[in-house]
Amino acid sequence: MRVTVVWWDLARSHQTVESLEKDLRDGSVEPWREVEGLRLKLWIADRERGRWGAVMWWDPDVPADRPLPPNRAAELIGYAPDHRASFDVAAVAEGIDSLGLAFSAGSSTSARAGERR
């Protein structure tokens, strides 16, 4: 299996972590549910440093030319990711218990503090 990690520095964009989270709630997650060979996609945010990105976990035998939904983040942010890297998956441990901050009732810093372990 492979993992791809991408992220943007939002300093050059008019988008914010909050505006990109709103886009997720408005439906940009849905097209990714149907992507062949995609095991998991996580949208990631660094509010303190103004960064946005994604982690995608792929089956090992997925063709490189597979069709993908439009890159909504790149469309909104206005440029390609600042960083992109792919890695082999060495091991996996599961322990997920929520959908993430974009879908929580309050995505403020105080709400996040209670979720940390």
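**A walk through the predicted model**

The protein has a mean pLDDT of 85, with 81% of its residues at 70 or more, where pLDDT is the predictor's confidence in each residue, from 0 to 100. Over residues 109-117 the pLDDT falls below 50, and this stretch has 7 contacts in the model beyond near neighbours in sequence, a contact being heavy atoms within 4.5 Å. Where pLDDT is low, the predicted coordinates should not be read in detail. Because this is a predicted model, local features need pLDDT of at least 70 and side-chain atom pairs count only at pLDDT 80 or more, while totals for chains, interfaces and linings use all residues. Residues are numbered from 1 along each chain as its sequence is written, and side-chain values use heavy atoms, with hydrogens and water left out.

An open sheet of 4 strands runs in the order β2-β3-β1-β4 with antiparallel pairing; strands (E, at least two residues) and helices (H or I, at least four) are DSSP runs, numbered from the N terminus, and two strands pair if DSSP finds at least two bridges between them. Since β2 (38-46) and β4 (83-88) stand at the edges with a single partner strand each, one side of each is left without a neighbour in the sheet. Strand β1 (residues 2-9) pairs with β4 over 6 bridges in the antiparallel sense, and V5 has A85 in β4 as its bridge partner.

Helix α1 (residues 17-28) packs on the sheet, where it touches β2 and β3 (51-58).

Key: Axes fitted to C-alpha atoms, helices over the stretch in contact; angles between N-to-C directions.
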